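Here are a few notes to go with the structure. Please keep it open as you read.

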Amino acid sequence: MAPDPSGTPRAATVLVASNRGPVSYTLGDDGELTSRRGGGGLVSGLSAIGSGADTLWVCSALGEGDREAVRRGVGEPGVLMLAIDEETHTAAYNGIANSVLWFIHHLLYQTPLEPVFDDGFRRRWEAYERYNASFARALADRAATGAAVLVQDYHLALVPGLLRQLRPDLRIGHFSHTPWAPVDYFRLLPDDIAAQLLRGLLGADRTCFLTRRWADAFGECAVRILGPDALAGTRIGVHGLGADAAFLKERAHRPDVAERMAALREQIGPDRKTIVRVDRTELSKNIVRGLLAYRQLLRTRPEWRERVVHLAFAYPSRQDLAVYRDYTAEVARLAGEVNDEFGTDGWTPVVLHVRDDFARSLAAYRLADVALVNPIRDGMNLVAKEIPVVSDAGCALVLSREAGAHEELGEYAITVNPYDVTGTADALHTALTMPEAERTRRTGELARAATALPPSRWFLDQLEALRA
Ligand code: F6P
């Protein structure tokens, strides 16, 4: 293990562990390393850990820049980046975490042909075990007696169990930011692997989820697969991460956002309504059916032609995986098809942006008349919480019932079944025609519900509960 940038062994009393850390590095052609801090609610929530001498965030080096930073001993105080060998990391991250566990929890398999659990899978699983063991060792080496360790997500599902064996004195929490699969779907996994994953998480003192629904699904898997006493040694917690209102409002009123708003207004044209979506191009986000619903709206309700623009921001994600590259291409193809079918000289029905630009996302949030958030399945979905907080004139939210955020926001949103394209097209029409007073009232309620548990509180609540 490389020493942390301070060069000294630490005895941290609060530790966070996650695959992706709060900072990443890129290596320029001139050999210069540039660092970039990640954004988003998760990073801001976990950042409540602070960077004091007694805190440590353990993460993995992800790209060449990160690995070079570790080699050179470059880093931030309070962050320990593990340079796990590249082959192991790739097999664990792409081969298991993203291609198996993500698919299981988001119900993404096309089951007539997949999944196939063969020898290749077993080799990748061994890499996943090694990768989890590296985290467990690093945490065990750095934690002070009785320290609190908060382990994040499906990448590190085995860490609580492994760490418990190495350091029985620690307070260990695990947090799943994804949904949890229903038991029949979870059992697609080979039986020994399903049991190993559950035992891994049950090594924690507390195993936590974003909603009651995911917590219950986990509990059911544990009891059905491991037996009636499975949950005896672990408390199950629910902490629904909210939007960071203060940060978002301040950031959304900086000059770079105003510039992006002006550029977007040019693209939208005068007197048109906007339907906004902002996602990573992630299989679970359901961008393709969103575009199909928009096409159906324009086909079946011609009164909307020339009067609405769909701002669809779909930022590349997990492009190492062919299925993600294909999906990204399909999103672009379909957006082009809608524009070819309906576009006119002065009107582009879909404005698709694929280059990640946070200021432009905030600009779109501010301009949104309608927010479209229609995931197949989503742990929470912070975009659904952020848009109502930031939108200038209030927005109507079309929200999938399968997003964790629906548990808190559903009452004030227009609910859709994400697979029902006709239903989603109708919901878009309802949202576009919502009377102004109603829209304002609902936006206020959405913003209130969305900010009930700000990221720092979300983190500190977990810490307090773990120490209790
Ligand atoms: O959004 C759910 C989540 O599990 C986050 O907690 C995590 O940061 C992200 O997905 C993983 O995405 P990536 O593969 O881009 O790091």
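1. Which residues in H10 are buried? Val 257, Met 261, Leu 264 and Ile 268 are. Their arc around the axis is only 70 degrees, which puts them on the same side of H10. Bear in mind that this is a predicted model.

2. Now turn to the other side of H10. Pro 255, Glu 259 and Glu 266 are exposed there. Here, buried means under 20% relative accessible area and exposed means over 50%.

3. What do the buried residues of H10 pack against? Two of the partners are helices: H9 (245-251) and H13 (358-367). The strands are E10 (273-280), E11 (308-315) and E12 (350-353).

4. Just after H10 comes Gly 269, with a positive phi of about 90 degrees.

5. Next, look at strand E1, residues 12-17. Five of its six residues are buried, so E1 is largely enclosed by the rest of the structure.

6. Which strands pair with E1? One is E6 (residues 143-152), joined to E1 by five bridges. These two strands run parallel. Find Ala 12, and you will see Ala 143 of E6 opposite. E4 (residues 55-60) also pairs with E1 in the parallel sense, over four bridges. There, Val 14 has Thr 55 in E4 as its bridge partner.

Note on methods
Residues numbered from 1 in each chain as written. Predicted model: local features only at pLDDT ≥ 70, side-chain atom pairs only at ≥ 80, totals over all residues. Heavy atoms only, no water. Buried < 20%, exposed > 50% of the residue type's maximum accessible area, 1.4 Å probe, protein only. Arc of directions from axis to C-beta. Contact = heavy atoms within 4.5 Å. Pairing = 2+ DSSP bridges.
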